[in-house]
Amino acid sequence: MPISRAEIVTDSGEKLINRLCKHWAHKLEVEQGEGEGRITFDNGSCLLRAEQDKLKVAVESLDEEGLDHLEGVVASHLERMSGKESLDIIWEN
């Protein structure tokens, strides 16, 4: 399974995880714990972990096309949930 990771500098990691998990919980399988979350999509999953000054995100999918799609979906939702805070999201495979 192809995997991409991003480390996003932010002080709002836990808040972003809470918002994303709450947003997707009505239609996807979501697991959430202290400072972390996991969202399961039809074609892959997203793991999130908040640290002191950053948010670590990993997405995995069944194939490269699905991975590219999940990177875009997760990034766009993170940017929307961040409000006025600008996030620099750079995926590394």
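The model is predicted, so local features need pLDDT of at least 70 and side-chain atom pairs count only at pLDDT 80 or more, while totals for chains, interfaces and linings use all residues. Residues are numbered from 1 along each chain as its sequence is written, and side-chain values use heavy atoms, with hydrogens and water left out.

**The core**
- The largest nonpolar core has 25 residues, and Val 57, Val 74 and Leu 78 touch the most other members. (Such a core is a set of buried Ala, Val, Leu, Ile, Met, Phe, Trp, Tyr and Cys residues joined through side-chain atoms within 4.5 Å; buried means under 20% relative accessible area, with a 1.4 Å probe and protein chains only.)
- Helix α2 supplies the largest share of this core, 7 residues. (Helices are DSSP runs of H or I, at least four residues, and strands are runs of E, at least two, numbered from the N terminus.)
- Leaving aside neighbours within four places in sequence, Leu 78 is in contact (heavy atoms within 4.5 Å) with Ile 8, Leu 16, Leu 20, Leu 55, Val 57, Leu 87 and Ile 89.

**Helix α1**
- Buried here are Gly 13, Leu 16, Ile 17, Leu 20, Cys 21 and Trp 24.
- Down the axis of α1, these buried residues fall within an arc of 125 degrees (taken from the directions from the helix axis to the C-beta atoms), so they line one face.
- Their cover includes β2 (29-33), β3, β4, β5 and α2.

**Ser 82**
- Ser 82 sits in the segment after α2 (64-81) and counts as buried because its relative accessibility is 11%.
- Not counting residues up to four places away in sequence, Ser 82 touches Leu 16 and Leu 87.
- A polar atom of the Ser 82 side chain lies 2.8 Å from the backbone oxygen of Glu 79.

Definitions and conventions:
Buried means under 20% relative accessible area, exposed over 50%, partly exposed in between (1.4 Å probe, protein chains only). A polar contact is a pair of N or O atoms within 3.5 Å; within protein, one must be able to donate a hydrogen and the other to accept it, and residues adjacent in sequence count only if both atoms are side-chain atoms.
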